[in-house]
Each structure stands twice: as C-alpha cells, then as structure tokens.
Amino acid sequence: MKAWAEDQGVAEDSMIKLMGDPFGEVTKKLEMEMTHSGPKSVGLKNRCKRFALYIVDGVVKVVRVAEAEDDPAGDDRPDVTLAEAMLDAIKLLNGGNDEL
C-alpha cells in the first residue's frame, strides 16, 4: 500500500489513508463483496465493489458505490466514487460548507 500511496502522490501525513484487505474481512463486513458472476468467470475471486467512504470519528457519513446492472465492477462508470463526487457529497452533508 505504501508503494501505491507514493505512486498516487499521497503523502505519509495526508488525511487520506490507503488500506489493504488481503483476506476480504473488511470487504465482507462492509457488504461490499462483489457477487456478480462476471469477474468470477475470469478467475477474479473475492473482488470488492468499487466504493468510497467518508468516515468521521469512526462513523460512516457517506457511502458511494459504483455499480450498475451492465457494469457490476463499476469500472466503466466510477464517477460516484471519484474525489470530486465525494467532495460534493461531503459538502452537501455539511450544509454546503467547504470545510471537511
């Protein structure tokens, strides 16, 4: 994860935390395990859905999942999980306030 963070330009002291889930424990607890047969048919087992969370003091405030009937992985249309969409959702949550 450290190499990925470096590649993405995420500083060690950033508020953004990249975390791995090698055994899928968190994925299952969050109910984000992709159950569609498509990825499994090509050998991708236990893949998680493309999602983004905004968490404050351990409380999930915003959940966005990029999936559709014709795009179960959200790879073709990940828009709702990208930074701009998440920032918009957080602003709405905060009554339009830009402060995170």
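The model is predicted. Its largest pocket holds about 1600 Å³ of space, and a search of the whole structure finds three salt bridges. A nonpolar surface patch of about 230 Å² is also present.

**Largest pocket**

- The largest pocket, with about 1600 Å³ of space, is lined by 32 residues, of which K17, L18, F51, A52 and L53 are the closest to its centre.
- At least two lining residues come from each of α1 (2-8), α2 (25-29), β1 (50-56) and α4 (83-93).
- Strand β1 makes the greatest contribution to the lining, with seven residues.
- By residue class, the lining of the largest pocket comprises 23 nonpolar, four polar and five charged residues.

- Side chains of opposite charge can pair when their charged atoms come close.
- K49 and E67 form a salt bridge in which the closest N and O atoms are 3.5 Å apart. K49 belongs to the loop between α3 (37-41) and β1, and E67 to the loop between β2 and α4, so this pair ties together parts that are 18 residues apart in sequence.
- K49 is buried because its relative accessible area, 17%, is under 20%. E67, at 42% relative accessibility, counts as partly exposed.
- R50 forms a salt bridge with D75, and here the closest N and O atoms lie 2.6 Å apart. Because R50 lies in strand β1 and D75 in the loop between β2 and α4, the pair ties together parts that are 25 residues apart in sequence.
- R50 is partly exposed, with a relative accessible area of 32%, and D75 is likewise partly exposed, with a value of 37%.
- A further salt bridge joins the side chains of D70 and R77, with an N to O distance of 2.7 Å.
- D70 is exposed because its relative accessible area of 58% is over 50%, whereas R77 is partly exposed at 42%.

**Nonpolar surface patch**

- I55, V60 and V63 make up the nonpolar surface patch of about 230 Å².

How values were computed:
Residues numbered from 1 in each chain as written. Predicted model: local features only at pLDDT ≥ 70, side-chain atom pairs only at ≥ 80, totals over all residues. Heavy atoms only, no water. 1 Å grid on protein atoms, 1.4 Å probe; cavity = no way out; pocket = protein on both sides within 12 Å on 5 of 7 lines; lining within 4 Å. Points joined across faces, edges and corners; volume = space filled by probe spheres on them. Helix = DSSP H or I, 4+ residues; strand = E, 2+ residues; numbered from the N terminus. Nonpolar A, V, L, I, M, F, W, Y, C, P; charged D, E, K, R; others polar. Patch = residues over 30% accessible without salt bridge, like charges linked within 9 Å, V, L, I, M, F, W, Y side chains within 5 Å. Areas by Shrake-Rupley, 256 points an atom, 1.4 Å probe, with all protein chains shown as cover. Salt bridge = Lys/Arg side-chain N within 4 Å of Asp/Glu carboxyl O. Buried < 20%, exposed > 50% of the residue type's maximum accessible area, 1.4 Å probe, protein only.
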